[in-house]
Amino acid sequence: MKRSELEHLIRAAGRIAGDREIVVIGSQAVLGQFPDAPLVLRRSMEGDLYPKSKPEMADKVDGAIGEGSRFHGQFGYYAQGVGPDTAVLPRGWQRRLVRVENENTGGYVGLCLEVHDLAISKYAAGREKDLEFTRELARHEMTDKRTLLKRLAATRLTAALAKIVRGRIERDFSSPRG
């Protein structure tokens, strides 16, 4: 997905939901902070998002511009309407959201996860695609180990999962970059 495509999803989701602010929590939130992120981080054609003040409208967004919709068929990318509790995030993540607002968003605002908050959610989810994503963030020096460990400490996880996430962070920063 390109930044312009994410902006299109923000605009479309905002119109459908009647909400000026759209929270982007999936991998493509990286485009908020890094509009020209490496291609390996932009492989997903889906934008996980929800209307900030009307999260109950996520299903309507999903039905209109989600996977398999006419929108998806026409443009080749789509929105995945999710809920505010979909991702495990560190305390204070809302204060760190990265605003995406320009002519292409048509008066709507995308609120994208800050990259370290995004990474913590991916480390906690732990699917192979999530761990590949975090490895690439580290390899491209888009995340900082110390910041990740601070965010991990501010994330509500079981002790066992926190230990696993710490190990995943250590692994990403112990391997050679390049």
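E128 and R135 are joined by a salt bridge, a side-chain nitrogen of Lys or Arg within 4 Å of a carboxyl oxygen of Asp or Glu, and their closest N and O atoms are 2.9 Å apart. The model is a predicted one, in which local features need pLDDT of at least 70 and side-chain atom pairs count only at pLDDT 80 or more, while totals for chains, interfaces and linings use all residues. Residues are numbered from 1 along each chain as its sequence is written, and side-chain values use heavy atoms, with hydrogens and water left out.

How accessible are the two partners? E128 counts as exposed, at 52% relative accessibility, whereas R135 counts as partly exposed, at 36%.

A further salt bridge joins the side chains of R139 and E136, at 3.0 Å from N to O. Both residues belong to helix α6 (residues 128-139), where they are 3 residues apart, about one turn of the helix. Helices (H or I, at least four residues) and strands (E, at least two) are DSSP runs, numbered from the N terminus. R139 is partly exposed, with 31% relative accessible area, but E136 counts as buried, at 15%.

In total, the salt-bridge rule gives a count of 14. Another of these pairs is E21 with K52, whose closest N and O atoms are 3.7 Å apart. E21 lies in strand β1 (residues 21-24) and K52 in the loop between β2 (46-51) and α3 (58-65), so this pair ties together parts that are 31 residues apart in sequence. E21 is partly exposed at 24% relative accessibility, and K52 is partly exposed at 44%. Both take part in a network of salt bridges that links R20, E21, K52, R99 and E101.

Attention now turns to helix α5. Of the 11 residues in α5 (residues 115-125), 10 are buried, so the helix is largely enclosed by the rest of the structure. Among these buried residues are V115, L118, I120 and Y123. The buried residues of α5 pack against α2 (30-33), α6, α7 (145-153) and α8 (159-174), where contact means heavy atoms within 4.5 Å.

The two ends of α5 can also be described. At its start, a side-chain oxygen of E114 reaches to within 2.8 Å of the backbone nitrogen of H116. After α5 comes G126, which has a positive phi, near 70 degrees.

Conventions. Buried means under 20% relative accessible area, exposed over 50%, partly exposed in between (1.4 Å probe, protein chains only). A polar contact is a pair of N or O atoms within 3.5 Å; within protein, one must be able to donate a hydrogen and the other to accept it, and residues adjacent in sequence count only if both atoms are side-chain atoms.
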